[in-house]
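Trainee: I would like to learn how to read a helix and its contacts in a model. Please take me through one.

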Amino acid sequence: MNVVKTEQPDLVDQKTDFEFVFLNIIHDILSKLETGGHDVENLNLKLSDLKEKIVQAKADINSIDYIRTTKEHQEGHLQSLLKQLKVKEELIQKYKNFSTSS
């Protein structure tokens, strides 16, 4: 009896948690502006922090699988997977019927 192993992609390595929290930095920037914004260095630091977080968020979004594929491509892929599932279910049923008839 031959056993065929199929390798599954390692889902642990894929980044799934993203941090898109900008409210605290925006609040700090606005409160500094309301108080007169005399501390320009600190304000520039907060603005650069916000910019870095936005750049990181864009990079995280672009790293998500299928983020740039069209709906039609995703639906085609889904149909392909459903067809594979149906074939495998039929194969399982065939083996069940074969084992009961033996």
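Trainee: Which residues are buried in α2?

Mentor: This is a predicted model, where local features need pLDDT of at least 70, side-chain atom pairs count only at pLDDT 80 or more, and totals for chains, interfaces and linings use all residues. Residues are numbered from 1 along each chain as its sequence is written, and side-chain values use heavy atoms, with hydrogens and water left out. Helices are DSSP runs of H or I, at least four residues, numbered from the N terminus. Buried means under 20% relative accessible area, exposed over 50%, partly exposed in between (1.4 Å probe, protein chains only). In α2 the buried residues are Leu 43, Leu 50, Ala 57 and Asp 60. They pack against α1 (23–34).

Trainee: Which side chains meet in a salt bridge?

Mentor: Side chains of opposite charge can pair when their charged atoms come close. The rule asks for a side-chain nitrogen of Lys or Arg within 4 Å of a carboxyl oxygen of Asp or Glu. Here Lys 46 and Asp 28 form such a pair, at 3.3 Å from N to O. It joins distant parts of the chain, with Lys 46 in helix α2 and Asp 28 in helix α1, 18 residues apart.

Trainee: Why does Lys 46 count as partly exposed?

Mentor: Because its relative accessibility is 21%. Asp 28 is also partly exposed, at 27%.

Trainee: Which element has the lowest mean pLDDT?

Mentor: pLDDT is the predictor's confidence in each residue, from 0 to 100. The lowest mean among the elements belongs to α1 (88), and the highest to helix α3, residues 71–101 (92). Over residues 1–14 the pLDDT is below 50.

How values were computed:
Helix = DSSP H or I, 4+ residues; strand = E, 2+ residues; numbered from the N terminus. Contact = heavy atoms within 4.5 Å.
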